[in-house]
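Please examine the protein shown below, keeping its sequence and its structure side by side.

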Amino acid sequence: MKKLRKVAAAFTAVTLTAGLAACQSNTATDGKPTDTSDKPGQTITYKMLRSNGVAEYPADGGRGRKEIVKALDKAGIKGVDFTVNMPGTGPDYTTKLNLLATSGDLPDYFNLDLPTMAKMADDGLLLPLDDYIKKMPHASKLFKDSDLEALRYKGKLYALPVGYRPEPFNGPNTNGFIVRKDWLDALGLKEPTTLDELHDVLKAFTTGDPDKNGKNDTYGLGGTKTSNFSGIFGAFGIAPTFWFERDGRLKQGMVLPETKDVLKLLNQWYKEGLIDPEFLLMESKQRDEKVINSKLGVFEGTAFDIDPKQPLINSLKKVTPNASFSLLLPPKGPKGLMGWPEAGPAYGDIKAVSAKVKNPDLLIKMIDWSTSDEPDGGFYLITYGMEGDHYTFDKQKNRVTQLVSSYSDLYKEGFSNPVRFTQVVDRRWMADDSLKAMEVTNKYVITNPFWKTVPAQLEYPDIIKLWTEYFAKIVLGEMPLDKFDEFVQKYYQQGGKKIEDQVNEEWKKTKK
């Protein structure tokens with residue numbers, strides 16, 4: 001029996017958007033500064049800020065920026081240039097973005113989250129995009145109506161979502177439980193499909209020496225400080241932060257009786273030693289190190305993880321050549337329910353335009369062009385680089401073959417994610433097993449009927465912190481299960497009632 005360690009009881013809530021730094025200076029394709037005015041014959045350089053952290057991206061945009069500007073000009077979109085600043089990811093992004101807003105120095109085009117969008121819209125800092133989206137013939141065909149609706153605030157559209165190609169593996173949902181398939185095989189186990197079967201697999205991974213090293217050093221289930229073990233909640237038909245209709249009224253999942261059932265189950269698994277006791281201290285990087293060192297048998301991951309081109313499975317195979325991953329179906333709960341929470345609006349990658357942007361029509365043309373896969377469009381160039389150098393496209397098979405060893409090679413030259421002005425989800429480059437896994441992740445989902453932000457959520461931002469504190473302490477056994485009732489009481493006392501009332505008021509408007 002492993003000796004479980006005591007883990008810190010409280011941990012901070014997750015901030016979904018992240019990272020920021022001062023904007024780069026404007027440069028033209030020859031590396032010289034450019035005019036940013038909107039006078040005829042002069043170049044406008046748009047400053048773009050991405051909540052991303054790609055250290056490889058060159059400060060001057062590299063070959064990618066030059067080729068993109070050249071292609072824009074060839075497509076008739078002239079007098080435009082851009083800079084991309086990617087300071088990284090982390091909880092500082094929104095705070096620093098707000099500082100830029102306060103100083104009157106917002107970039108032209110930038111990432112933000114829904115609460116920040118609402119606040120900036122109220123402050124008059126964002127350009128309403130309802131009229132401009134009508135001028136985006138390529139991108140508008142790829143946007144989901146539900147995403148656009150979620151990005152409306154007080155009746156106006158204030159941000160752009162991502163687009164999705166039509167193939168079934170190009171949906172927004174990617175999450176699931178990843179299992180060490182070679183461990184299942186070593187122990188003669190089948191992939192679990194129910195909570196009971198998952199429990200038995202986790203126990204075997206914890207006590208059955210699945211890596212055959214003769215040591216009692218493995219855990220069935222691993223996580224991070226941001227883990228809610230969403231697939232377990234899905235087995236009870238809920239997600240903590242989603243809204244669910246009960247007796248004609250929306251209530252947040254974290255206050256429903258089913259949440260108490262999940263906490264009871266997770267606490268039991270924790271007491272049995274099936275869950276890594278350090279999970280609440282883990283960043284994703286640390287959790288990945290445990291996966292690579294064969295300490296965890298099941299973890300919350302994505303369908304990307306099983307693709308042989310991805311770094312996690314590559315790193316694992318360097319240590320354990322015969323290792324393999326598989327994505328599990330969401331486990332069924334006692335009532336046959338199953339699923340993972342659907343992805344948030346716009347794939348978590350929404351972008352807004354500053355109200356002070358110069359010549360917004362030109363920026364909109366540039367963004368729309370970047371989503372077009374027509375011969376003079378920018379989609380393939382921006383996403384995959386130079387055809388023949390970085391990728392090939394088999395039109396008959398509708399498959400993209402990447403000629404680079406990793407995305408890092410594209411980033412170094414200024415292509416792909418850093419310059420996807422509006423991301424278009426396209427996974428035609430992935431291995432067949434990964435594409436099948438993507439279809440699974442998009443088939444079994446728990447939906448959220450209300451994504452918008454209401455003013456009370458800005459007024460009471462600590463509700464999520466209250467939830468994470470009680471979640472942690474109850475799962476770890478530092479609070480008895482009955483303390484969940486205390487949490488529900490505090491939830492409503494500390495802003496939850498006002499939030500719930502406003503959510504229902506807005507929700508009822510959509511049902512008319």
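**A residue in a loop**

Leaving out residues up to four places away in sequence, Asp-307 touches Ile-313, Trp-429, Met-430, Ala-431 and Ser-434; contact here means heavy atoms within 4.5 Å. This is a predicted model, in which local features need pLDDT of at least 70 and side-chain atom pairs count only at pLDDT 80 or more, while totals for chains, interfaces and linings use all residues. Residues are numbered from 1 along each chain as its sequence is written, and side-chain values use heavy atoms, with hydrogens and water left out.

Asp-307 is found in the loop between β11 (296-302) and α11 (311-319). Helices (H or I, at least four residues) and strands (E, at least two) are DSSP runs, numbered from the N terminus. Is Asp-307 buried or exposed? Asp-307 has a relative accessible area of 0%, so it is buried; the term buried means under 20% relative accessible area, exposed means over 50%, and partly exposed lies in between, with a 1.4 Å probe and protein chains only. From Asp-307 to Gly-163 there are 144 residues in sequence and 22 Å in space, C-alpha to C-alpha.

**The whole chain**

The protein chain contains 18 helices and 18 strands. Its radius of gyration is 24 Å, close to the 24 Å that the globule rule gives for 512 residues, so the chain is as compact as a globular protein of that length. The radius is taken over C-alpha atoms, and the rule is 2.2 Å times the number of residues to the power 0.38. Along its principal axes, the C-alpha trace spans about 75 × 55 × 40 Å. Of the 512 residues, 54% are buried. Among contacts between residues at least 6 apart in sequence, 75% join residues at least 24 apart.

**Cores and a helix**

In soluble globular proteins, nonpolar side chains tend to be buried together. A nonpolar core is a set of buried Ala, Val, Leu, Ile, Met, Phe, Trp, Tyr and Cys residues joined through side-chain atoms within 4.5 Å. In this model the largest such core has 90 residues, and those with the most contacts inside it are Phe-82 and Phe-110. Helix α12 (residues 360-369) gives the largest share of this core, six residues. Another core, of 57 residues, lies apart from it and includes Val-179, Leu-328, Val-488 and Ile-499.

Beyond its neighbours within four places in sequence, Phe-82 is in contact with several residues, among them Tyr-46, Ile-68, Met-366 and Phe-421.

Helix α3 (residues 114-122) has Leu-114, Thr-116, Met-117, Ala-118, Met-120 and Ala-121 buried. Just after α3, Gly-124 takes a positive phi of about 75 degrees.

Most residues other than glycine have a negative phi, and most peptide bonds are trans. Lys-154, in the loop between β4 and β5 (156-157), has a positive phi near 50 degrees. With a relative accessible area of 65%, Lys-154 is exposed. Asp-247 has a positive phi near 55 degrees and is found in the loop between β9 (243-246) and β10 (249-252). Asp-247 counts as exposed because its relative accessibility is 84%.
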